Amino acid sequence: RKMLRAGLLLCTAAAALGARPLAGLRPAGSGLRTASLLSAARRTPSSAGPLRMSGGGSSIQSIVSREVLDSRGNPTVEVDLTTDIGTFRAIVPSGASTGIYEACELRDEDKGRYMGKGVQKAVKNVETMLAPALKGMDPTQQQAIDDKMKEIDGSANKNNVGANAILAVSLAVAKAGAAAKGVPLYKHFADLAGNTKMVLPVPWMNVINGGSHAGNRLAMQEFMI
């Protein structure tokens with residue numbers, strides 16, 4: 001009961017200060033800022049500024065990257081992107097099969113580490129090539145940021161920076177952009193695509209596997225319904 005009363009009191013006080021939920025994401029240091037502002041409000045209500053948990057202006061402050069292992073135990077790129085709202089994380093998916101026209105997934109090719117599948121080069125590219133160029137940019141401007149990263153890479157297939165480096169940053173930017181607008185990520189993507197009509201996605205189910213995912217001779221990789 002005490003916890004419930006405390007929670008209701010916090011919600012009421014936060015609402016009075018203009019707080020809004022952050023689209024499922026926790027701002028960096030939000031607990032400290034919230035406690036500080038609530039304390040100030042109790043002392044001098046008229047002097048306390050609004051508690052902005054989401055919405056409004058935002059800019060990229062820092063981007064850090066690291067090598068992590070995916071569900072198959074293979075290295076992939078993870079990025080933490082920090083704005084004045086919070087820190088947003090993205091991990092790049094890595095498929096078992098790759099088409100000849102897919103963008104370049106930059107690997108270290110060092111056979112002494114993870115059979116050459118390490119991504120330390122891509123991680124370094126995030127921190128030395130992409131992070132300095134994107135610092136200060138508005139995360140809601142997804143197209144401008146993506147174009148900037150492609151410009152930095154300068155190749156048709158993202159061979160220089162690596163598509164895995166670029167995609168990790170792009171995904172983190174999207175999450176930060178949604179938080180800056182105070183909307184869920186799906187709504188942010190819909191806005192970027194110019195889609196104003198929301199419909200429930202129709203599920204697809206994979207019933208038969210072939211290609212690189214299976215030990216059979218089927219040329220088709222997936223049969224779905």
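How many helices and strands does the chain have? I counted six helices and five strands, taking helices (H or I, at least four residues) and strands (E, at least two) as DSSP runs numbered from the N terminus. Read along the sequence, they follow the pattern α-α-β-β-β-α-α-α-α-β-β.

I noted that this is a predicted model, in which local features need pLDDT of at least 70 and side-chain atom pairs count only at pLDDT 80 or more, while totals for chains, interfaces and linings use all residues. Residues are numbered from 1 along each chain as its sequence is written, and side-chain values use heavy atoms, with hydrogens and water left out.

Entry on the whole chain. Of its 225 residues, 34% count as buried (under 20% relative accessible area, with a 1.4 Å probe and protein chains only). Among contacts (heavy atoms within 4.5 Å) between residues at least 6 apart in sequence, 54% join residues at least 24 apart.

Entry on the helix pair. I looked up helix H3 (residues 120-134) and helix H4 (residues 142-153), whose axes come within 10 Å and cross at roughly 140°; the axes are lines fitted to C-alpha atoms over the stretch in contact, and angles run from 0 to 180 degrees between N-to-C directions. That makes H3 oblique to H4, a class left over once angles under 35 degrees (roughly parallel), over 145 (roughly antiparallel) and 65 to 115 (roughly perpendicular) are set aside. From H3, Met129, Leu130, Ala133 and Leu134 meet Ile145, Lys148, Met149 and Ile152 of H4. I sorted the residues of this contact into seven nonpolar, no polar and one charged, where Ala, Val, Leu, Ile, Met, Phe, Trp, Tyr, Cys and Pro count as nonpolar, Asp, Glu, Lys and Arg as charged, and the others, Gly among them, as polar.

Entry on threonine 76. I found threonine 76 in strand E2 (residues 75-83), and it is buried, with a relative accessible area of 3%. Leaving out residues up to four places away in sequence, threonine 76 touches Arg66, Glu67, Val68, Asp70, Ile91, Val92 and Val119. The side chain of threonine 76 reaches the backbone oxygen of valine 92 at 2.8 Å.

Methods. Buried < 20%, exposed > 50% of the residue type's maximum accessible area, 1.4 Å probe, protein only. Polar contact = N/O pair within 3.5 Å; in protein donor to acceptor, adjacent residues only side chain to side chain.
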